[in-house]
Amino acid sequence: MADLYQDKYQIPSTRLPGYDYGQSGAYFVTICTKDWQPYFGNIEAPGGNWDAAFLRPSVLGEKVRKCWAAIPQFAPFVHLDAFILMPDHMHGILLLDKDEPVGPGTSLQPSGNRFGPQSQNLASVLRGFKSAVTTYARYHNLEFQWQTRFHDRVIRSSVELDKIRNYIITNPGRWEKELDNGQGLYR
């Protein structure tokens with residue numbers, strides 16, 4: 001019964017308990033399309049070489065890249081790190097720098113989220129990004145929907161940061177092997 005809210009099923013939060021997602025820190029995010037639809041383009045492996053695989057983006061895929069690159073224009077406290085766009089999802093690392101110590105593992109002390117309007121935090125940045133892409137798709141009559149929510153991980157060390165960067169950069173090379181992996185979270 002603890003998973004029910006107003007007699008309805010409630011999906012448990014994946015957020016780090018007690019962590020303020022508006023404070024300086026490094027965040028690994030994954031955002032997927034609804035029903036894993038490949039709206040963003042196709043993975044190509046030149047000559048069958050999956051180590052050289054890359055995304056040939058659709059028009060919408062190009063817009064996603066531009067909107068991601070524009071995040072610091074609208075949220076100047078955000079610095080972009082590794083990023084990869086795949087046919088049906090994207091991975092990226094965002095560094096929030098609010099004139100506090102920044103970097104993996106520097107601010108894992110619970111400082112508590114506050115109820116009320118959320119701004120200048122991870123969720124508000126990603127909400128703006130997703131909204132910009134959706135608005136573009138609607139304006140240009142492109143079929144498109146995001147999956148609700150997004151997946152995130154607070155990056156806790158420089159070792160973890162390096163592993164995640166490598167995972168992001170090598171993502172296209174794993175596409176063929178992981179394409180039909182039973183709807184796994186990170187592919």
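Among contacts in the protein between residues at least 6 apart in sequence, 68% join residues at least 24 apart, a contact being defined by heavy atoms within 4.5 Å. This is a predicted model, in which local features need pLDDT of at least 70 and side-chain atom pairs count only at pLDDT 80 or more, while totals for chains, interfaces and linings use all residues. Residues are numbered from 1 along each chain as its sequence is written, and side-chain values use heavy atoms, with hydrogens and water left out.

The secondary structure comprises five helices and eight strands. Helices (H or I, at least four residues) and strands (E, at least two) are DSSP runs, numbered from the N terminus. In order from the N terminus, the elements run β-β-β-β-β-α-α-β-β-α-β-α-α. The protein has 187 residues, of which 40% count as buried. Buried denotes under 20% relative accessible area, exposed over 50%, and partly exposed the range in between (1.4 Å probe, protein chains only).

The aromatic residues come next. The structure holds eleven aromatic pairs. Rings of Phe, Tyr and Trp (its six-membered ring) pair if their centres lie within 6.5 Å; planes under 30 degrees apart count as stacked, over 60 as edge-to-face and the rest as tilted. In the case of phenylalanine 40 and tryptophan 146, the ring centres are 5.7 Å apart and the planes stand at 55°, so this pair is tilted. The pair links distant parts of the chain, 106 residues apart: phenylalanine 40 belongs to the loop between β3 (25-32) and β4 (41-44), and tryptophan 146 to the loop between α3 (122-139) and β8 (151-155). Phenylalanine 40 counts as buried because its relative accessibility is 0%; tryptophan 146 likewise counts as buried, at 10% relative accessibility. Tryptophan 146 also forms an edge-to-face aromatic pair with phenylalanine 144, with 5.0 Å from centre to centre and 80° between the planes. Both phenylalanine 144 and tryptophan 146 are buried. One aromatic cluster is formed by Tyr39, Phe40, Trp68, Phe83, Phe129, Phe144 and Trp146.

An aromatic ring also takes part in an arrangement with a charged group. The charged end of lysine 98 sits over the ring of phenylalanine 77, 4.8 Å from the ring centre. The criterion is that NZ of Lys or CZ of Arg is within 6 Å of the ring centre and within 35 degrees of the ring normal.

Two packed helices are described by the angle between their axes and the distance between the axes. Helix α1 (residues 59-69) packs with α3 at an angle of about 150°, the axes being 10 Å apart. Here axes are lines fitted to C-alpha atoms, for helices over the stretch in contact, and angles run from 0 to 180 degrees between N-to-C directions. The crossing of α1 past α3 is right-handed; a crossing is left-handed if the near helix is turned anticlockwise from the far one by less than a right angle, and right-handed if clockwise. On α1, the contact involves Val59, Leu60, Lys63, Val64, Cys67 and Trp68, and on α3 it involves Leu126, Phe129, Ala132, Val133, Tyr136 and Ala137. By class, this contact of α1 with α3 has eleven nonpolar, no polar and one charged residues. Ala, Val, Leu, Ile, Met, Phe, Trp, Tyr, Cys and Pro count as nonpolar, Asp, Glu, Lys and Arg as charged, and the others, Gly among them, as polar. Lysine 66 is also located in helix α1 and counts as exposed, at 56% relative accessibility. Its C-alpha atom lies 9.4 Å from that of valine 133, 67 residues apart in sequence.

Isoleucine 168 lies in helix α4 (residues 158-169). This residue is buried, with a relative accessible area of 0%. Leaving aside neighbours within four places in sequence, isoleucine 168 is in contact with Phe28, Ala82, Phe83, Ile84, His91, Gly92 and Ile93. The C-alpha atoms of isoleucine 168 and glycine 92 are separated by 7.4 Å, although the two residues are 76 residues apart along the chain.

Finally, two loop residues other than glycine have positive phi values. Tryptophan 36, in the loop between β3 and β4, has phi near 55° and counts as buried at 14% relative accessibility. Arginine 149, in the loop between α3 and β8, has phi near 70° and counts as partly exposed at 47% relative accessibility.
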